Amino acid sequence: MSAPEWRHLKVSKADGVMEVTLHSKYGPLVWNGRAGYEFTTFFDSLHADTDTKVLILTGTGDQFCAESVTFDFNKMRWRDVWAGEQKMLGRLLDLNIIVIAALNGPVHFHPEVPLLADIVLACPEAEIAELGHFPRDMVPGDGAQLILANLIGASRTNYFYLTHQRIAAEEARRLGLVHEILPRDALLDRARALARGLAEKPAAVLAYTKAALRLRDRRHFHQDLSHSMALEGLAMYAAGMSGPEA
């Protein structure tokens, strides 16, 4: 898929830095199946991109991703959902380029995507939540729970999910989910400055540094994600999901 075909990704590239702005019809991103497919295809393409050293991910307007469509899983084959989520996060986690997330506002759906970045910047209005699963009576098995447990610990992650918690920017920084807080209009300037500095490093140094820093994260993630996605699907089946060959 080439850049002109993206419906949810605005992509630019210069001097080893790729910048991706998430959007839906050029407004804030509304997560849907197409967005997930584009993320997966895009991350997959980066594995063959030898020119990109740093990736910046940001959102549009005052939201990173605060809305999502409601999926009708009775019309979806769970085998495809199970495989698709693993592929999307697996491709992102296995990237050996540096990823910077610039949270220009709330991220309420798929927070695991920006939280897998190596550097996370946020504006004061940003907050982190996961409203796509437990608040909708779905098992949180899509990987966000694994990323959060790795970052803030199992006990705090349990509380986060069971109480539908929203973590504000300052608290997110205290917990280590966010590394810097800047005014929204300064966010991209800081991300770009960091990216330019990193892109001056030799590509091999960046790639092997990223691999070294991610050794523990990658060790069991794929197996755990497969299992937790299976649990999510099992709960849907128990609730009467009857998708084709679920």
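**Helix packing around α4**

Colleague: Which helices do the buried residues of α4 pack against? I take buried as under 20% relative accessible area (1.4 Å probe, protein chains only).
Modeller: This is a predicted model: local features need pLDDT of at least 70, side-chain atom pairs pLDDT 80 or more, and totals for chains, interfaces and linings use all residues. Residues are numbered from 1 along each chain as its sequence is written, and side-chain values use heavy atoms, without hydrogens or water. Helices are DSSP runs (H or I, at least four residues), numbered from the N terminus. With contact meaning heavy atoms within 4.5 Å, the partners are α3 (112-115), α5 (154-162), α6 (169-175) and α10 (221-238).

Colleague: Within what arc do the buried residues of α4 fall?
Modeller: In α4 (144-152), the buried residues are Ala144, Gln145, Ile147, Leu148 and Ile152. They line one face of the helix, because seen down the axis they fall within an arc (directions from the axis to the C-beta atoms) of 160 degrees.

Colleague: How do α4 and α5 lie: parallel, antiparallel, perpendicular or oblique?
Modeller: Their axes, lines fitted to C-alpha atoms over the stretch in contact with angles from 0 to 180 degrees between N-to-C directions, come within 7 Å and cross at roughly 135 degrees. Under 35 degrees is roughly parallel, over 145 roughly antiparallel, 65 to 115 roughly perpendicular, and the rest oblique. That makes α4 and α5 oblique.

Colleague: What angle do α1 and α2 make?
Modeller: Helix α1 (33-46) and helix α2 (78-93) have axes 8 Å apart. They are therefore oblique to each other, with an angle of about 40 degrees.

Notes
Buried means under 20% relative accessible area, exposed over 50%, partly exposed in between (1.4 Å probe, protein chains only). Helices (H or I, at least four residues) and strands (E, at least two) are DSSP runs, numbered from the N terminus.
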